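Subject: The structure you asked for

Hi there,

Here is the model we talked about, with the sequence alongside. Could you open it next to this email while you read?

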Amino acid sequence: MHVLENVPRTPRPAKEAFLDGPEETDGSSGARDPAEEKLLDGCRAGDVAAFERLYELHGARMKSIARNLLGHETDAEDAVQEAFLKIYRGAASFRGSAALSTWIYRILVNTCYDLLRRRKRHPEDALETPSGGGEGSALPAPAGDHPLRIAIEQSLSKLAPRQRTVFLLSAVEGFSHREIAGVLEVSEGASRTLLFEAKRRLQDLLWTSGARGRASA
Amino acid sequence: MTGRCTRAQEALKRNDPSAIERLRVHAARCAECAEPLALWDEIASAAPSLRREWESPRLFPKIAAAIDTEKFSRPAVAEAPAAPASSRKFQWIPMAAAASLFVVAMVGLQVFRNSGGREPLVNAASTSNPLLTDRSLEEVETAEANYVRSIERLSVLARPRIANPTTPLFVNYREKLQLLDSAIVEIRAQIEMNRFNSHLRRELLAMYQEKQRTLQELMKEATS
């Protein structure tokens, strides 16, 4: 029995472009889109307008990825801010071996990993685990939130970091395996395997926790 | 999930649409595969709802401010790579500045060591006390104040050139001045804790001299 007819779906933009460019642009090297080249030049020069454009293009998605990796909106915003600073610092030496978007998402993911490592070393600095409310903390659960969605969110923290990242990038954000391979600097095959492992682990966790049964009821 | 039929696992691992379609056909008559496939579909369908969106009107202004601060404190990061190839001939300047600072520091250290740390800064005849006397301290502070006044006057004249460097040479001058400023701040902080330390005073004077000389060179270049 499928239970998801009632699951509130966040509308995903129709084949949301990974880049503000051709659909099939991936993480591989190649001739750069002139608009992207211009954007990169602006970033290299420290032009705030260029960063604003970059933020318009990728900010929402960066926040979502960071929020799901870190579990908290405030941390996510800190990570996005730090990632932008790293983009500014690194833009001059970025030689374009990858697409600009691949590079910025790579920076973001690594920044989130750094924050998680820091949190492990200094647990006293960590914000409380989101519990679904509170100003400036976790977002309140969407109206009509489905138990399965909540159960998946809770189970995500039990996945290995790479599995979690691939699941978030692929299943949640809609990145292709080519794009994920570029962001995480792994092969496409490895990306597929990590996604499979992540979903299998999630299945086990959902079965074990009984969330799936409750959701299906 | 752990039943005898492994077709579900194999197809899901391949994660290619045709394999999944074949699995669907198979799962219609295989309960062992139907369950994992159903849950698989549920997870896949629920996952996009994990995407979170919220308004952060203050986030980009914070990012822009942080970039501005970074740009101001580390201007060379953004500007140096954009400099034309012809600017390579000026690349020796920062290295020369660093080398000169190193030499100044080494000379200061050597003088201090030779004196066994007991020689006062300005008035050798006054005492063998490793610390400055009140009178010599006054002389040193007067000399420092003179340097500071001179440097301030030069800085006012040089400010437009430093704030908006038009050539790589001025970028390098700015970089050198920033280096000197941070060294001065550091030494002054140490002096705050030990005003009578002759070695620190000597280093500070050397820094002031270097800064004054740099500003004079910059002004000379600007007017030539």
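A word on conventions: residues are numbered from 1 along each chain as its sequence is written, while chains are lettered from A and ligands numbered from 1 in the order in which they are written. This is a predicted model, so local features need pLDDT of at least 70 and side-chain atom pairs count only at pLDDT 80 or more, whereas totals for chains, interfaces and linings use all residues.

**Chain A overall**

Chain A has 9 helices and 0 strands; helices (H or I, at least four residues) and strands (E, at least two) are DSSP runs, numbered from the N terminus. Of its 217 residues, 42% are buried. Buried here means 20 or more other C-beta atoms within 10 Å of the residue's own; exposed means 12 or fewer, and partly exposed lies in between, with C-beta atoms placed from the backbone. Two residues are in contact if their C-beta atoms, placed from the backbone, lie within 7 Å. Among contacts in chain A between residues at least 6 apart in sequence, 69% join residues at least 24 apart.

The axes of helix 3 of chain A and helix 4 (residues 100–121) of chain A come within 9 Å and cross at roughly 125 degrees. That makes helix 3 of chain A oblique to helix 4 of chain A. For reference, angles under 35 degrees count as roughly parallel, over 145 as roughly antiparallel, 65 to 115 as roughly perpendicular and the rest as oblique. The axes are lines fitted to C-alpha atoms, for helices over the stretch in contact, with angles from 0 to 180 degrees between N-to-C directions. On the helix 3 side of the contact you will find, among them, Ala79(A), Val80(A) and Ala83(A), and on the helix 4 side residues including Ile104(A), Leu108(A) and Leu115(A). The residues of this contact divide into 9 nonpolar, 1 polar and 3 charged. Ala, Val, Leu, Ile, Met, Phe, Trp, Tyr, Cys and Pro count as nonpolar, Asp, Glu, Lys and Arg as charged, and the others, Gly among them, as polar.

Helix 5 of chain A is largely enclosed by the rest of the structure, because 7 of its 10 residues are buried. Its buried residues include Leu148(A), Ile152(A) and Leu156(A), as well as the charged Arg149(A) and Glu153(A).

**A loop residue**

Glu185(A) sits in the loop between helix 7 (177–184) and helix 8 of chain A. Its phi is near 55 degrees, a positive value in a residue other than glycine. Glu185(A) counts as exposed, because it has 12 C-beta neighbours inside 10 Å.

**Where the chains meet**

In total, 46 residues of chain A are in contact with 36 residues of chain B. Helix 2 of chain A gives the most to the side of chain A that touches chain B, with 9 residues. By class, that side has 23 nonpolar, 8 polar and 15 charged residues.

**Chain B**

In helix 7 (residues 134–163) of chain B, a kink of about 50 degrees lies at Leu157(B), shortly before the proline Pro160(B). The bend at a residue is the angle between axes fitted to the seven residues ending there and the seven starting there. Ser136(B), Val140(B), Ile151(B) and Ala158(B) are buried in this helix, and its buried residues pack against helix 9 (198–223) of chain B.

Gln9(B), found in helix 1 (residues 7–14) of chain B, is partly exposed, with 17 other C-beta atoms within 10 Å. Gln9(B) and Leu37(B) are 28 residues apart in sequence and 9.0 Å apart in space, C-alpha to C-alpha.

Best wishes
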